[in-house]
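Please take a moment with the sequence and the model shown here before reading on.

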Amino acid sequence: MKQIIASAIMTLCTITSAADYYLNSESGSDTNSGTEKLSPLKTVAALNQIAFKPGDNIHIAPDTEYHGTVQLKDSGSEQQPIRLFTEAGGAKAIFHGNGANETILLQNVQYWEISNIAITNKGPERVKHQVGLRILLRDFGVAEHIHINNVSISDIYGSLEKETEGHGILAQNISGPKNIRSRFNDLRIENCKLTRTDRNGICMQSSFINRKHNWFASTNVIIRGNVIEDCGGDAIKPWGCDGALVEHNLVNGCRMRCQDYAAGIWPWSCDNTIIQFNEVCNTKGIKDGQGFDSDYNCQNTIIQYNYSHDNEGGFLLVCGPKISDANIGCLNTVVRFNISQNDGIDSSRIFHISGSSVNNTRIYNNIIYRDKQHNVPMVIYGDWDGYAQNTQFSNNIFFVEGQCSYQLEGGINTIFDNNLYFGRHENMPQDKAAIIADPLFLKPGSGTTGLHTLDGYKLRPDSPARNSGKKIEKIGSRDFFNNPIDPNSNISIGAEISR
């Protein structure tokens with residue numbers, strides 16, 4: 001009991017006297033203290049002079065606009081994060097970077113919550129490494145609890161070149177002169193809307209990805225419920241994480257302006273990433289150009305319950321070059337219970353598997369639908385320091401209204417087992433338990449916007465795909481349509497499990 005009381009007293013002692021600060025570009029003055037609602041500060045420059053304490057709240061007046069870079073310093077605490085937000089009663093306050101390196105910067109801080117604001121950063125010309133909201137760690141250690149929620153970001157006029165790329169939101173943990181490793185724990189980016197951000201949408205960058213010398217992965221990273229539209233390059237890219245969760249995001253139109261390689265949602269140098277319940281559509285171009293990707297130095301990535309459609313580069317890329325100190329390979333990727341509709345164009349592909357370090361990829365219980373508009377290769381292999389090995393396709397439905405082909409040359413130990421094929425399949429792979437038949441969907445090709453529009457891919461009662469699936473070890477707990485999976489019962493081919 002004494003220990004409990006002592007702990008409670010210690011907790012109370014760590015709670016500081018918090019303040020409320022007010023910012024209003026219409027009625028404020030920088031000669032005010034800013035601690036009274038009727039006497040707010042006026043400019044970003046005045047806000048940047050404040051030394052914030054744990055528990056402080058920064059109230060931004062609705063329907064107001066600000067110019068210049070906001071530099072948020074000092075940290076909150078576990079019990080008392082610092083909060084910045086637009087007050088209720090009107091439109092989000094807008095912060096304009098006007099071509100600066102970033103509009104809002106959080107550097108070497110923790111326990112911050114930013115919500116309900118808008119950000120732009122467009123100057124007269126494109127700026128290298130330009131960002132809307134930058135979260136930067138250098139020589140810091142572990143930064144806890146940074147939450148970004150309901151932030152609107154538009155018109156980030158950054159560089160379109162990968163080496164100098166700009167971002168809407170960028171979380172960086174990079175090396176510094178003191179060689180102190182840094183990473184995030186409990187980083188959340190949720191319910192944000194990004195429009196016209198160049199080059200990228202929501203991304204991370206880490207210096208600590210070398211498996212042999214300096215692996216220091218961020219943890220408890222969640223990117224959820226965001227909408228990204230008209231993105232110049234990559235839309236969502238966790239980097240240097242263990243256990244990142246990317247879910248319930250909508251990406252509509254990425255790789256819209258860049259000329260190099262980009263895709264929708266993909267991890268880089270990450271372990272145990274889960275990518276689920278996302279919709280990615282209208283990605284442009286075929287330099288990658290896929291909706292989803294499992295990439296370099298990643299292991300145990302799971303891509304499940306997603307809807308991919310009308311992406312010119314296809315549905316899925318799995319890739320990785322030769323193994324090195326920095327690259328463990330692209331290992332043990334699982335792709336299951338996804339629906340791809342009209343992905344790929346004639347000169348691209350739907351599945352692209354490339355690279356000598358790609359190993360043990362499992363692709364099962366997905367639905368691939370393609371209308372008559374294009375003759376798209378279903379699966380191709382690429383040579384990136386060699387070819388992928390041990391790839392298995394099982395229980396998938398490959399449904400083409402026109403025709404498709406398979407280009408499997410180079411792939412090492414590729415297995416097709418128990419898939420259903422409908423339409424013209426040129427160079428169809430050897431599949432010892434293939435079913436060649438109409439799967440009898442309720443209404444194939446009828447998906448529009450939203451995962452809720454895909455009931456047309458449910459199976460009719462007399463479908464040959466029903467109860468025809470092979471057993472899959474560790475198949476998961478549910479199918480695309482939220483039906484529970486009984487591992488001891490028969491399962492179907494495709495994304496719906498028989499009930």
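Helices (H or I, at least four residues) and strands (E, at least two residues) are taken here as DSSP runs, numbered from the N terminus, and two strands are said to pair if DSSP finds at least two bridges between them. The model is a predicted one, in which local features need pLDDT of at least 70 and side-chain atom pairs count only at pLDDT 80 or more, while totals for chains, interfaces and linings use all residues. Residues are numbered from 1 along each chain as its sequence is written, and side-chain values use heavy atoms, with hydrogens and water left out.

With these terms in hand, the protein chain can be described as having two helices and 40 strands. In general, strands of a sheet pair through backbone hydrogen bonds, either parallel or antiparallel. Strand 3 (residues 65-67) and strand 6 (residues 93-96) run parallel and are joined by three bridges, with tyrosine 66 standing opposite phenylalanine 95 of strand 6. Strand 6 is also joined to strand 9 (residues 117-121), again in parallel, through four bridges, and there phenylalanine 95 has isoleucine 119 as its bridge partner.

Seen as a whole, the C-alpha trace of the protein chain spans about 75 × 60 × 45 Å along its principal axes. Of the 499 residues, 59% are buried, where buried means under 20% relative accessible area, exposed means over 50%, and partly exposed lies in between (1.4 Å probe, protein chains only). If contact means heavy atoms within 4.5 Å, then among contacts between residues at least 6 apart in sequence, 75% join residues at least 24 apart.

Serine 25 lies in the loop between strand 1 (20-23) and helix 2 (44-47), and its relative accessible area of 13% makes it buried. Apart from neighbours within four places in sequence, serine 25 is in contact with Lys42, Thr64, Glu65 and Tyr66, and Tyr66 is the residue that stands opposite phenylalanine 95.

For cysteine 241, the nearest cysteine sulfur is that of cysteine 270, 4.4 Å away. Cysteine 241 is buried at a relative accessible area of 0%, and cysteine 404, at 1%, also counts as buried.

A nonpolar core is a set of buried Ala, Val, Leu, Ile, Met, Phe, Trp, Tyr and Cys residues joined through side-chain atoms within 4.5 Å. The largest has 86 residues, of which Trp112, Phe351 and Met378 touch the most other members. Apart from this core lies another, of 26 residues, among them Val334, Phe337, Ile493 and Ala495. Beyond its neighbours within four places in sequence, tryptophan 112 has contacts including Phe52, Ile58, Leu72, His145 and Ile146.

Conventions. A disulfide is a pair of cysteine sulfur atoms within 2.5 Å.
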